[in-house]
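My entries follow the display of the model.

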Amino acid sequence: MAAPSPFRGSKCTARSISLPTRLHPHSLRIEAELNKLKAWEASCSSIVAPPGAETIQVGLAGVMELYNYVQEIIHSSLTQQALLRHQHGKLVDEALDWSVALLDACGTAKDILSMTKEYVQILQSALRRKGLESSNISSYISFRKKAKKDVTKCIGSLQKMESKLGSSPLLNLDHHLMVVVRLLREVSSIAISTFRTLLQFFSIPGGRKMFDGLSLITKLVSMNSGKGEKILNEVGSVDVAIQSLQEQLRGGGDGKVELGVVQRRLETLNVSVEGLEAGVDCMYRCLVQKRVSLLNLLTQ
């Protein structure tokens, strides 16, 4: 039986929203994308370990598509007219608060991705030039510990934001504006979940206890067990490979096999990080555009 996941405590509530066709020409498409992301969110919360880079990229792409639709809805004549009929300052302020928190999380993810790529490439270069004499392994391990602390702090901020999401009552709003606000809240909630999953990519719980008594081959085979449940992502596989290399060296082995595994796992991680970087950069620009649109509403 698989061990309980430390990440299954993430909030994943069942949400439902029905969009009238007049809200947007592609209302059915928006609903379909929302449902697809809810299914993605549920699958991410039910697995043993943090999802891999490809899975996270699917979530990022889906959230960005939703935000593109949200931009069109905000600028639509129906929404603009509804906003003119109501005191909308508090609603816009609420949305601006969400955007700040999401931009902060996105910025943290960008920084960690950039630093991860830098440390991975430095370690790759050092291992090619110096082999087992490299001291950069210790630097990489130190960076991983710091990254985990940064991830924990950022996830805590996202959880605080999530607890406040939708706390303001939707009073005295016409039907159109109420649907728009609910859509904004739902997209923000899914965006929070997506960023949490992205950050958890870096916080795989490695360490000696998790893998005591396993040979290197057993550890790597266990990543894709016969029962089909993956227990490590790209970051975790590097952590385990490095730990195996260190154990071999401490035990007097030559570590050549383990060194080769580390190098291959580092290359896989490097490619994954580059893909995530591209997605997060696009997401950051998308969030900035959304914030600009909200700020423009305040000036009207």
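Does Glu-162 count as buried or exposed? I note first that the model is predicted. I looked up the relative accessibility of Glu-162 and found 7%. Buried means under 20% relative accessible area, so Glu-162 counts as buried at 7%.

Entry on the surroundings of Glu-162. I located Glu-162 in helix α5, which spans residues 136-164. I then checked the side chain of Glu-162 for partners and recorded a polar contact with the side chain of Arg-196, at 3.0 Å. I also looked up Ile-190: Glu-162 and Ile-190 are separated by 28 residues in sequence, and their C-alpha atoms are 10.0 Å apart in space.

Entry on helix α3. Which residues of helix α3 (residues 77-85) are buried? I listed Thr-79, Gln-80, Ala-82 and Leu-83. Viewed down the axis of α3, these buried residues fall within an arc of 165 degrees, so they line one face of the helix. I recorded Leu-84 and Arg-85 as exposed on the other side of α3. For reference, an α-helix has 3.6 residues a turn, so residues three or four places apart point the same way.

Entry on a surface patch. I found that Tyr-284, Val-288 and Val-292 form a nonpolar patch on the surface. Their accessible area together is about 210 Å². I placed Val-292 in helix α10, residues 256-299.

Conventions: Residues numbered from 1 in each chain as written. Predicted model: local features only at pLDDT ≥ 70, side-chain atom pairs only at ≥ 80, totals over all residues. Heavy atoms only, no water. Patch = residues over 30% accessible without salt bridge, like charges linked within 9 Å, V, L, I, M, F, W, Y side chains within 5 Å. Areas by Shrake-Rupley, 256 points an atom, 1.4 Å probe, with all protein chains shown as cover. Salt bridge = Lys/Arg side-chain N within 4 Å of Asp/Glu carboxyl O. Helix = DSSP H or I, 4+ residues; strand = E, 2+ residues; numbered from the N terminus. Buried < 20%, exposed > 50% of the residue type's maximum accessible area, 1.4 Å probe, protein only. Polar contact = N/O pair within 3.5 Å; in protein donor to acceptor, adjacent residues only side chain to side chain. Arc of directions from axis to C-beta.
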